[in-house]
Amino acid sequence: MPSNKSVSDAPIVQFTNCRILRSHRLQREDLWVREGKILNPEKLFFDEKGSADIQLDCKDSIIAPGFIDVQINGGFGVDFSLATDDFKSGIDLVSQKILSHGVTSFCPTLVTSPPSVYHQVLPQISIRNGGAHGAGILGAHLEGPFISKEKKGAHPEHCLRTFEAGAFQDLLATYGSLDCVRIVTLAPEMKRSSEVIRELTKRGICVSLGHSVANLSQAEEAVQHGATFITHLFNAMLPFHHRDPGIVGLLTSDKIPAGRRVFYGMISDGIHTNPAALRIAHRAHPKGLVLVTDAIAGMGLAPGRHTLGQQVVEIDGLNTYIAGTKTLSGSVATMDTCVRHFQEATGCSVETALEAASLHPAQLLGIEHKKGTLDYDSDADFLMLNDSLYVQATYIAGEEVWRQDALGM
């Protein structure tokens, strides 16, 4: 039957012989796509009397929503915290290369930097849709400089700042602009942080707690003021203690406002977090877990010396350290590797592992009506994967933007 073109002239593509991740489970049904959106086949058949123009046999692949990385500092020699003349071509390179990892959208992340770097770099980051040119940009993640000296991790101490009398104005002056900012990581124990959290939240910016010595009540107060995320849980915060569990305690806190969910990022690379800690977090609060790579410029490159903002970093296998120390500094893991490691370490279902890198980050950013699911009318950003969760092909807006060649399978 020919397509009814009264609704749209665009071709309808039907992906057959696949298992689709929808409503938290893999379902054996076809995926229908038109004009970059996922179609409801019932509406197509009964309302439009339409059918597919193109059928693609997926050969029993899993089809899952594209991965969303909300914490990535760079990769392939590109460092988002370095103000360079060709910053735009650097961000383009990373967005192109991460398509092979299954990432269809991301938040370029800047570590603690001098104000001059924010003023130069932020105007060069623009929110944009993904496509053949690369993964979509959802806005910047600014990790610091309003963080704790004691838990600075790989952040340069001389660039750290506290909130002065006009706390929010101080933040604005430091960053220069919040136009393309999606997430700000700060330490909630800092004086005047609550007014900053309220102001950022009011502007639709997600506040994340991290690099902090906050106790649980300080963390709970920050959530009551609007914070919704924890930056790389367990890393750069007080370790869990039974009498005061610190920020980690938010996972089971009874002081979270009704109807709100606290999400937490985890670097599931086998190095930043012991598998037992990954299992504890996942079992305590499975619906809040968001996989992040925290990848640095050295991701995708040979071991050796690379940068992370103002610091020099040494890569040794999968370990990344501030040069001359044993301080961990970001990771070189790819998002698909993190998904596979998470599933292996926790024994969770395939669906759970995939949702931690797609649905949960979309919910965190409030974009789950468009991204992170394969619901009808959402963006057709999706992956084809084999049963071992290796990415075979990446699609953005229904168009194939990357495919594993037959030799590399």
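Predicted model: local features only at pLDDT ≥ 70, side-chain atom pairs only at ≥ 80, totals over all residues.
**The annotated site**

An unreviewed UniProt entry places the feature "binding site" at Glu143, His211 and His232. These residues are spread over 90 residues of sequence, yet they cluster in space. The largest C-alpha distance among them is 11.0 Å.

Glu143 lies in strand β11, which covers residues 140-143. His232 sits in a loop instead, between β14 (229-230) and β15 (263-266).

Two of the annotated residues compare as follows.

| Residue | Relative accessibility | Class |
|---|---|---|
| Glu143 | 2% | buried |
| His232 | 5% | buried |

Why do both count as buried? Buried means under 20% relative accessible area. Glu143 is at 2%, so it counts as buried. His232 is at 5%, so it counts as buried too.

**Contacts around the site**

Leaving out residues up to four places away in sequence, Glu143 touches a set of residues including Gln71, Asn73, His155, Thr185 and Asp294. The other annotated residues, His211 and His232, are also among its contacts. With Gln71 there is a side-chain polar contact of 3.1 Å.

His232, with neighbours within four places set aside, is in contact with Gln71, Glu143, His211, Met237, Gly265, Ile267 and Asp294.

**The β21-β22 hairpin**

Strands β21 (residues 391-396) and β22 (residues 399-403) run antiparallel, joined by 4 bridges. Tyr395 stands opposite Glu400 in β22. The hairpin has 2 residues between its strands. In the turn, Ala397 has a positive phi of about 50°.

How values were computed. Residues numbered from 1 in each chain as written. Heavy atoms only, no water. Pairing = 2+ DSSP bridges. UniProt positions renumbered as here; feature names shortened; annotations may be inferred. Buried < 20%, exposed > 50% of the residue type's maximum accessible area, 1.4 Å probe, protein only. Contact = heavy atoms within 4.5 Å. Polar contact = N/O pair within 3.5 Å; in protein donor to acceptor, adjacent residues only side chain to side chain.
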